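Colleague: I'd like to learn how to read a few features off a model. Could you walk me through some?

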Amino acid sequence: MDYKILNELIDNVDKYKAHKKPKNEKDKKGEQIYETLLEHIKRTEKYFAKFWITKNGDEILERFCNLMLKDKLKNDEQIENAKKILKEMIKGIAIFHDIGKVNPNYQVIKIGNKEISRNEAFIDANHSFISSISYLSYFRSKLMKEVSKKKIRDLMKEFLLYHAYIIERHHSNLNEIEKFLKKIFLEENDNYKESLMDKFIKVISENNLYKYELNLENNDTKLLINEFKRKKCTNNTSKGRSKEQCIYLSMYIRWIYSLLVASDYYATSEFMNDMDFSKVSDLDNIGYWNKFYEDTSLLKNIRKYQKTKYPLSDEKLNTVKDINILRSEIFCEVEEKIKANTDENIFYLEAPTGSGKSNTAINASFKLMQHDKRLQKIFYIYPFNTLVEQNLETLEKVFADNEDIKQNIAVINSITPIKVSEKDLNDNEEKDVYQKALLDRQFLNYPMILSTHVSLFNIIFGNRQSDVLAFYQLANSVIVLDEIQSYKNKIWAEIICYLKELAKMFNIKIIIMSATLPDLDILSRFQAQAVDLLENSSRFFAVDCFKNRVKLNYDLLKIDKDDILGELKTHLKQYLKSDKKILIEFIKKKTAHDFWVDLQENEDFKDVQIEYLSGDDSIAERKRILDKVKKATDTIILVSTQVIEAGVDIDMDIGYKNISKLDSEEQFLGRINRSCKKEGIAYFFEVDEASDIYKDDVRLSESIVLKDVNMQKILELKLFDEYYKKVLETTMGKYSYHFDEFIKDISDLNYESISTHMKLIDDTQDMVQIYLVRTLCVDGEVLDGKQIWDSYVDLWENGRKTMSYAEWKIELSRITSKMNNFIYQVSKHNLHIGKFYEQMGNIICLEDGDKYFTKDKFNREILYIKN
């Protein structure tokens with residue numbers, strides 16, 4: 001079957017149009033340029049087939065069918081027969097996805113097709129739902145005629161429902177499949193006499209739009225829907241699907257939907273831009289990348305060590321003083337474990353802070369790709385944008401002399417402009433380059449990608465079309481997940497269970513790494529164990545260089561909360577003339593800000609350098625502060641919020657921290673005496689309650705925070721297995737119902753609920769973005785906040801009139817990247833910002849932005865003071 005079948009299905013198919021170019025683009029006769037329906041289907045089919053082949057669709061389908069059909073059909077011959085039928089039905093999705101555009105109202109209202117007359121019998125200009133029932137009817141008849149085995153026929157009918165749902169949603173978000181089922185069949189107790197499907201079938205038949213008969217018997221449809229409901233997840237797998245099968249089915253629908261939407265987008269872009277976008281940017285030359293990587297001085301030193309000294313005995317390991325030796329030991333051991341387990345999918349890398357996990361993960365990724373040539377992409381995923389930027393710098397240093405490789409590394413987040421190749425701009429028309437750049441960004445068409453957990457989880461669990469666009473790109477990739485435990489433990493079980501099935505079905509290798517990594521296998525319940533890349537990570541934690549590089553002191557925990565801030569200032573005075581670098585972390589932004597102000601106004605600290613770092617700081621301000629701290633030779637005090645914990649590459653001498661979660665305490669310790677060349681000390685105190693910030697987190701139970709002497713011992717000895725055993729026991733007990741709700745949503749194919757359930761960051765509807773007009777100097781460039789804002793407003797109001805959509809989106813990404821230096825997110829409640837401001841969407845622009853700063857730091861409290 002191919003696009004030509006439309007000639008057999010639609011009378012006079014050439015008169016139907018799929019798209020039209022903008023009015024300012026005319027043909028040689030000065031007439032509107034149209035894309036026929038047949039041309040669009042041909043293009044969509046081309047891209048669908050290309051993406052299917054490049055992402056090894058046959059193998060993915062094979063794994064899916066083996067799980068879904070093995071207990072439903074008697075023998076291998078029947079399973080193979082069913083696979084062939086299912087693949088043919090999948091091909092039909094691309095061919096039928098826009099067949100509903102024969103709707104006369106669509107042709108008249110949406111396209112302006114003068115060959116067609118409007119037909120009031122049609123409900124509206126809809127085409128997706130008509131396409132879905134046209135697909136459903138055609139393939140149902142085909143199954144009835146061509147498939148003799150009833151068991152296979154009934155199984156495939158069920159998949160027709162899922163495919164029809166995908167077609168119906170291909171211009172919309174994924175929602176609850178029950179809503180679609182109600183459109184094609186209404187229960188007897190419903191208030192309507194006929195379903196939406198019945199209405200369309202009737203009017204399509206009366207107007208002879210197709211050469212074939214739309215025939216969907218209500219009884220048959222009802223039986224199918226009842227069968228779907230019966231097969232939802234149950235503990236009794238003889239009556240329904242297993243949890244594993246339910247997860248596979250939910251991923252299958254997301255996958256095919258993603259392939260269809262991508263193919264449709266690319267096909268439309270080809271027509272609109274007169275340009276083929278078939279180039280796939282995958283990492284198919286891993287040997288070239290690895291050769292350059294191996295030629296770096298860092299890798300040469302490790303290889304030399306590997307040949308001459310690795311592995312050290314435990315006895316020698318304990319005497320090591322040079323942290324680079326420990327990094328090399330970890331690097332080499334992980335490499336060996338990867339090579340011995342290349343066929344596995346999930347890997348855990350738990351290693352001490354400062355042990356070179358990022359470099360080890362790069363090497364592990366390359367080794368996996370060298371073994372399995374099907375692996376085509378690498379995703380490095382971090383908790384925060386700041387870590388994304390930091391690790392981009394690391395990669396750019398590694399590949400500093402290779403512009404070709406650097407051009408193939410892309411950052412995907414909300415603050416980085418869309419990547420446009422300057423070479424392409426010089427060699428091609430701008431319109432083509434901008435469109436390609438936009439498609440590359442939307443569909444993650446890059447060999448190596450750095451992004452955040454939020455972005456990745458949107459792709460995996462989100463229900464918006466913009467989330468799911470690039471889901472197909474995850475297939476045959478390596479994903480490195482850093483600090484996954486930094487998110488709420490309420491969904492840890494859901495994360496690991498889903499990731500394990502995702503990895504199996506799509507041939508994804510996932511490396512989960514952290515200095516404090518819970519054994520998530522305990523929560524995965526029904527799946528195989530992951531591979532620990534360090535067989536005994538505790539032997540590294542026990543090395544003096546890691547375990548004892550920071551002495552721990554709990555004396556300040558004995559001080560009353562009301563007195564602790566004063567005591568802290570007194571305590572700090574002993575280090576003022578010691579040329580020490582001092583880090584103080586608070587868990588509340590207001591407390592940190594106020595303490596920083598107090599220090600600056602305190603006469604005893606007038607000769608000391610004092611800086612303040614928080615999540616409100618721009619990337620440029622953050623870089624300025626950290627550079628100053630790194631270069632300091634005299635005493636310097638850095639007051640900070642929790643933003644300092646994750647992966648910030650600074651080396652301090654003295655640390656003070658408001659207690660919170662034990663894994664946060666260890667992350668904090670990773671910023672003290674990081675090089676292991678001095679003596680570090682950390683003091684713990686409590687002024688703010690962590691439970692006020694980390695809602696519903698079991699890690700804040702009285703028995704597993706630093707107030708408990710047993711936890712103090714665990715932190716000193718780095719016995720995180722004991723700590724996480726308690727955490728996971730509590731998590732399973734407290735949140736088992738939460739996991740069951742997730743499986744129910746999966747079983748119901750309720751994508752809206754899945755998306756809500758798996759949100760990493762709670763809803764921010766009560767927040768608003770404030771743009772504060774100022775003049776800043778960023779990396780030597782003067783940024784005029786007023787000018788940037790005016791450009792942003794002009795782009796929204798006038799840009800679309802003079803630019804193509806792709807160029808407009810790229811220019812918007814460039815301007816919003818600069819705007820991030822001026823934007824702050826604040827609560828809507830009780831804001832007092834006066835009458836004079838300008839607003840664009842959810843961004844409120846305030847002139848005279850400097851007045852909202854205290855000592856060059858944003859002071860959000862001023863926004864809530866009545867004038």
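Predicted model: local features only at pLDDT ≥ 70, side-chain atom pairs only at ≥ 80, totals over all residues.

Colleague: How many salt bridges does a search of the whole structure find?

Modeller: A salt bridge here is a side-chain nitrogen of Lys or Arg within 4 Å of a carboxyl oxygen of Asp or Glu. The search turns up 66 of them. One of these joins arginine 374 to glutamate 59, at 2.6 Å from N to O. Arginine 374 sits in the loop between helix H16 (357-371) and strand S4 (377-382), and glutamate 59 in helix H3 (residues 57-69), 315 residues apart. Helices (H or I, at least four residues) and strands (E, at least two) are DSSP runs, numbered from the N terminus.

Colleague: Which helices hold glutamate 333 and arginine 539?

Modeller: First the contact: their closest N and O atoms are 3.2 Å apart, a salt bridge. Glutamate 333 belongs to helix H15 (residues 323-340) and arginine 539 to helix H25 (residues 538-541), so the pair ties together parts 206 residues apart in sequence. For accessibility, buried means under 20% relative accessible area, exposed over 50%, and partly exposed in between (1.4 Å probe, protein chains only). Glutamate 333 is buried because its value is 14%, and arginine 539 counts as buried at 17%.

Colleague: What separates arginine 624 and glutamate 621 in helix H29?

Modeller: About one helical turn, because they are three residues apart in H29 (residues 619-631). Shared partners then join Glu611, Asp617, Glu621, Arg624, Lys628 and Lys857 into one salt-bridge network.

Colleague: Is arginine 254 buried or exposed?

Modeller: Buried, yet without a salt bridge. Lys and Arg count as positive and Asp and Glu as negative, with His and the chain ends not counted. On that count, the nearest side chain of opposite charge is aspartate 467, 6.8 Å away. Arginine 254 lies in helix H11 (residues 243-273). Contact means heavy atoms within 4.5 Å. Leaving out residues up to four places away in sequence, arginine 254 touches several residues, including Asn458, Phe461, Tyr498 and Tyr751.

Colleague: What span should helix H4 have?

Modeller: The expected span is 1.5 Å times one less than the number of residues. For the 21 residues of H4 (residues 76-96) that gives 30 Å, and the end C-alpha atoms are 30 Å apart, which agrees. A polar contact is a pair of N or O atoms within 3.5 Å; within protein, one must be able to donate a hydrogen and the other to accept it, and residues adjacent in sequence count only if both atoms are side-chain atoms. At the start of H4, a side-chain oxygen of asparagine 75 comes within 3.2 Å of the backbone nitrogen of glutamate 77.

Colleague: In what sense do strands S17 and S18 pair?

Modeller: Two strands pair if DSSP finds at least two bridges between them. S17 (residues 775-778) and S18 (residues 781-784) are antiparallel, over four bridges. Cysteine 777 is opposite valine 782, and threonine 775 is opposite aspartate 784. Two residues lie between the strands of this hairpin, and aspartate 779 in the turn has a positive phi of about 50 degrees.

Definitions and conventions
Residues numbered from 1 in each chain as written. Heavy atoms only, no water.
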